[in-house]
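Dear colleague,

Please find below the structure for your review, together with its sequence. My notes on what was found in it follow directly after.

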Amino acid sequence: MTLNTNSHPLDYKPYVILGTTQRCNYRCRMCFWGKPEYARSLSESDPTMSMELFRRALEEVVPYCSSLCLAGAGEFLTDPLIEERLGILGDTLRRHPEIMLYQTTNASLLSADKLQFLKGTRKVGFTVSVDSVDALTYASIRRPGTLSIVLEKIRSLRDELHAIGVEDVHIRLNMVIMKRNIFSLPDVLRFAKEIHAAVYVDHPQGFGPDDLHQESLFRFPALSNAFLEKCQQLAETLDIGFDRPPPFAILPGEVEKYCNARKDRTLYCHQLNKAGPVQVLANGDVSVCCQTLVFGNLHHQAFKEIFFSPRYAEYREAIAAGHPLPPCDQCRQLYRKAPYLYESSVYGFDIPPETRNLNPAPDLEKEGFFEWLDELSEKQLRHQLRQDYLAKGRRLLTAGMAEKIASFDRRKK
């Protein structure tokens, strides 16, 4: 079989995720692990990539990727084979210094010793799923996590990487914005400034618990638009990267622009044309984007053959013509660069426009923005607050005040 090595855009050098495990130590509010029946099924099947497939996949993908990640759908450090994998991954990164490790993590298990495999590598990035820097909000989302532990690990991450010689370090904070945590966003932006990170936000998707649709900001489009615009201004003032979804279409002209974007050639898939991810799943399937768009299986084909599949052109051309093929026709990422969001189905929800609250300042109490506090027991509240206050006290007694004073001095100058 002759492969057309010119079948991709010139700058298509995707991010590759090796789906080594789907295990996770958290049961987050907006995740499939937060759905009890699905979590039970996943725990029983426990899809874990064999070491044989891992070694082969790693060697076959490096000629075609810009960055690598382990366990995109789980916490990579919960993998039962993680120690062996990290040694092999570190060797591969040292042999291919042009490739970045860009790892997604909840940071709860990160430590200096866990990062030693990166010694001798050139560039490293971490996408940290954090969702809030308020202790109680965080505890209500990222269960059973404790924010103070995670923040300390995030704060020390850059220094620990520098200590082993990694100078080119990129950190991004990921946040799924919902009713319960939208007002946490300004503090997340300020924290990002403190640790020299970028911030990426998105709405929840419909694969979580059955009542997750109640949390979606599709229900409050005017509030969301106004508040995210203010957060955009704050990010620009702080001079940090801030990647957010488009505003919601509300006025007739905005809805028309949204509909036109679905029909004309303004749709563009950044994932399929430039960034990826390409995912190698534990069973060998190769999915070429963030959806379940499988183009082959490594047990039956070489990665190179899958990477130059003629199906790429078929899907790209359909998107460019304004007629995306399934599952791309219901992909939220496809509309991230569109002028507006409108139909909630692209996030896996059914929230009709006529049911949405169009008040930019709705009654927060009546609309249940803080009902999540009732989910936490008194014991949990006390524990989270105690840990938060202890962490803040320790920080102020050590580096915290000095950093604040230095920050104010820099502003004066």
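Arg94 is partly exposed, at 34% relative accessibility; here buried means under 20% relative accessible area, exposed means over 50%, and partly exposed lies in between, with a 1.4 Å probe and protein chains only as cover. Its side chain meets that of Asp91 in a salt bridge, at 3.0 Å from N to O. The term salt bridge stands for a side-chain nitrogen of Lys or Arg within 4 Å of a carboxyl oxygen of Asp or Glu. Asp91, at 43% relative accessibility, is likewise partly exposed. Both residues belong to helix 3 (residues 82-95), where they are 3 residues apart, about one turn of the helix. Helices (H or I, at least four residues) and strands (E, at least two) are DSSP runs, numbered from the N terminus.

Please note that this is a predicted model, in which local features need pLDDT of at least 70 and side-chain atom pairs count only at pLDDT 80 or more, while totals for chains, interfaces and linings use all residues. Residues are numbered from 1 along each chain as its sequence is written, and side-chain values use heavy atoms, with hydrogens and water left out.

Further salt bridges

The search of the whole structure finds 21 salt bridges. One of them joins the side chains of Arg155 and Glu194, at 2.7 Å from N to O. This pair links distant parts of the chain, since Arg155 is in helix 5 and Glu194 in helix 6, 39 residues apart. Arg155 is partly exposed, with a relative accessible area of 23%, and Glu194 is partly exposed at 36%.

Arg332 forms a salt bridge with Asp202, and the closest N and O atoms are 2.8 Å apart. This pair also links distant parts of the chain: Arg332 is in the loop between helix 11 (311-320) and helix 12 (378-412), whereas Asp202 is in strand 6, 130 residues apart. Both Arg332 and Asp202 are buried.

The model contains an open sheet of 10 strands with mixed pairing, in the order 7-6-5-4-3-2-1-8-9-10. Its edge strands, each pairing on one side only, are strand 7 (242-243) and strand 10 (294-297). Two strands are taken to pair if DSSP finds at least two bridges between them.

- Strand 6 (residues 198-202) runs parallel to strand 7 and is joined to it by 2 bridges; Phe242 in strand 7 is the bridge partner of Val199.
- Strand 5 and strand 6 pair in the parallel sense over 5 bridges, and Val176 has Asp202 in strand 6 as its bridge partner.
- Strand 4 and strand 5 are parallel and share 7 bridges, with Val124 opposite Val169 in strand 5.
- Strand 2 (residues 67-70) and strand 3 run parallel and are joined by 2 bridges; Leu101 in strand 3 is the bridge partner of Leu68.

Strand 3 (residues 100-105) is mostly covered, as 5 of its 6 residues are buried. In strand 1 (residues 15-18) lies Ile17, which counts as buried at 9% relative accessibility. Leaving aside neighbours within four places in sequence, Ile17 is in contact (heavy atoms within 4.5 Å) with Cys69, Ala71, Gly72, Pro277, Val278, Gln279 and Val280.

Helix 5 (residues 147-163) lies across strand 4 (123-129) and strand 5 (168-176), running at about 160° to strand 5. Axes here are lines fitted to C-alpha atoms, for helices over the stretch in contact, and angles run from 0 to 180 degrees between N-to-C directions. Ser148 is found in helix 5 and counts as buried at 11% relative accessibility. Apart from neighbours within four places in sequence, Ser148 is in contact with Gln387, Asp388 and Ala391.

Phe183, Phe370 and Leu373 make a nonpolar surface patch of about 240 Å². Patches are made of residues with over 30% relative accessible area and no salt bridge, like charges being joined within 9 Å and nonpolar side chains (Val, Leu, Ile, Met, Phe, Trp, Tyr) within 5 Å. Accessible areas come from the Shrake-Rupley method with a 1.4 Å probe, and for residues only the protein chains shown count as cover. Phe183 is placed in the loop between strand 5 and helix 6 (185-195) and is partly exposed, with a relative accessible area of 33%.

With kind regards
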